[in-house]
Amino acid sequence: MAAASPTTGRDALRSTIYNAVRSNETRFAVWNESDLDKAIWTIPGERMKARETHVVPLSPPAVALLRKRWDERTSDDGLVFSADGEKPISDMTMTKLLRNDGITGATVHGFRSSVTAWAAEKTDFPKEVADKALAHKLSNQVEAAYRRTDFFDKRRDLMARWAEFLDAGKAIASIDTAEAAGEPIPVRAAA
């Protein structure tokens, strides 16, 4: 995909992977959620699975991608990944891009699990930081009551390292299909 020409769908897929978010969070992103100068994307709780606001620290490549999209926008408050700023891309657009690029057996959502595996195997970031980057809720209510940090600075570092990993062309995606039996497959960087 790195050599492919940019499209709204490809930009959405790249953003989804860079930011380790769910595809719907990307598809319905609007411009007023992002502060590109501060490199922050604030996703409102009503669009999050856990129904809690999630602040995403944007890596330099994610900011560059959004700045490019900003220059091509049709409105200042419309959808980020849309041809007209009003209609979101299809929920199958990003999956179709993977298939068209010859990547089978992988899912867009699988890149989220790739972040977890990469962080655990290739970095020293604690699991809690990766979980928070993915907006996972703690299942232990006692631990959740005492955990008052959002690990924002550590998440910013994690996302910058993830982007560097992707841009180096070493990305792997977890396969979510039964016939693949959970084996990871190499895929080219999504940026």
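Visitor: Why is the pair of Trp118 and Phe165 called tilted?

Guide: The ring centres of Trp118 and Phe165 are 5.6 Å apart, which is within the limit for a pair, and their planes stand at 35°, which is neither stacked nor edge-to-face, so the pair is tilted. This pair links distant parts of the chain, since Trp118 lies in helix H5 (residues 110-122) and Phe165 in helix H8 (residues 152-167), 47 residues apart. Helices are DSSP runs of H or I with at least four residues, strands are runs of E with at least two, and both are numbered from the N terminus.

Visitor: And what makes the pair of Trp162 and Phe165 stacked?

Guide: Here the centres lie 5.7 Å apart and the planes meet at 25°, which falls under the cut-off for stacking, so the pair is stacked. Trp162 and Phe165 both belong to helix H8, 3 residues apart, about one turn of the helix. An α-helix has 3.6 residues a turn, so residues three or four places apart point the same way. Trp118, Trp162 and Phe165 form one aromatic cluster; Trp118 and Phe165 are both buried, and Trp162 is buried as well.

Visitor: How do you know that a residue such as Ile17 is buried?

Guide: The relative accessible area of Ile17 is 2%, and buried means under 20%, with exposed over 50% and partly exposed in between (1.4 Å probe, protein chains only), so Ile17 counts as buried. Ile17 has its place in helix H1 (residues 8-19), where 11 of the 12 residues are buried, among them Leu13, Tyr18 and Asn19. In the chain of 191 residues, 45% count as buried.

Visitor: How do you know that the length of H1 agrees with its number of residues?

Guide: The expected span is 1.5 Å times one less than the number of residues, which for the 12 residues of H1 gives 16 Å, and the end C-alpha atoms are 16 Å apart, so the two values agree. H1 is followed by Ala20, whose phi is positive, near 55°.

Visitor: Why are S1 and S3 called edge strands?

Guide: An open sheet of 3 strands has the order S1-S2-S3, with antiparallel pairing. Strand S1 (34-35) and strand S3 (54-57) each pair on one side only, and they are the edge strands. Ile40 has Pro57 in S3 as its bridge partner.

Visitor: What makes Arg73 a charge over the ring of Trp70?

Guide: The charged end of Arg73 sits over that ring, 3.4 Å from its centre, where the rule asks for NZ of Lys or CZ of Arg within 6 Å of the ring centre and within 35 degrees of the ring normal.

Visitor: What should I keep in mind about the numbers and values?

Guide: Residues are numbered from 1 along each chain as its sequence is written, and side-chain values use heavy atoms, with hydrogens and water left out. In this predicted model, local features need pLDDT of at least 70 and side-chain atom pairs count only at pLDDT 80 or more, while totals for chains, interfaces and linings use all residues.

Definitions and conventions: Phe/Tyr/Trp six-rings, centres within 6.5 Å; stacked < 30°, edge-to-face > 60°. Pairing = 2+ DSSP bridges.
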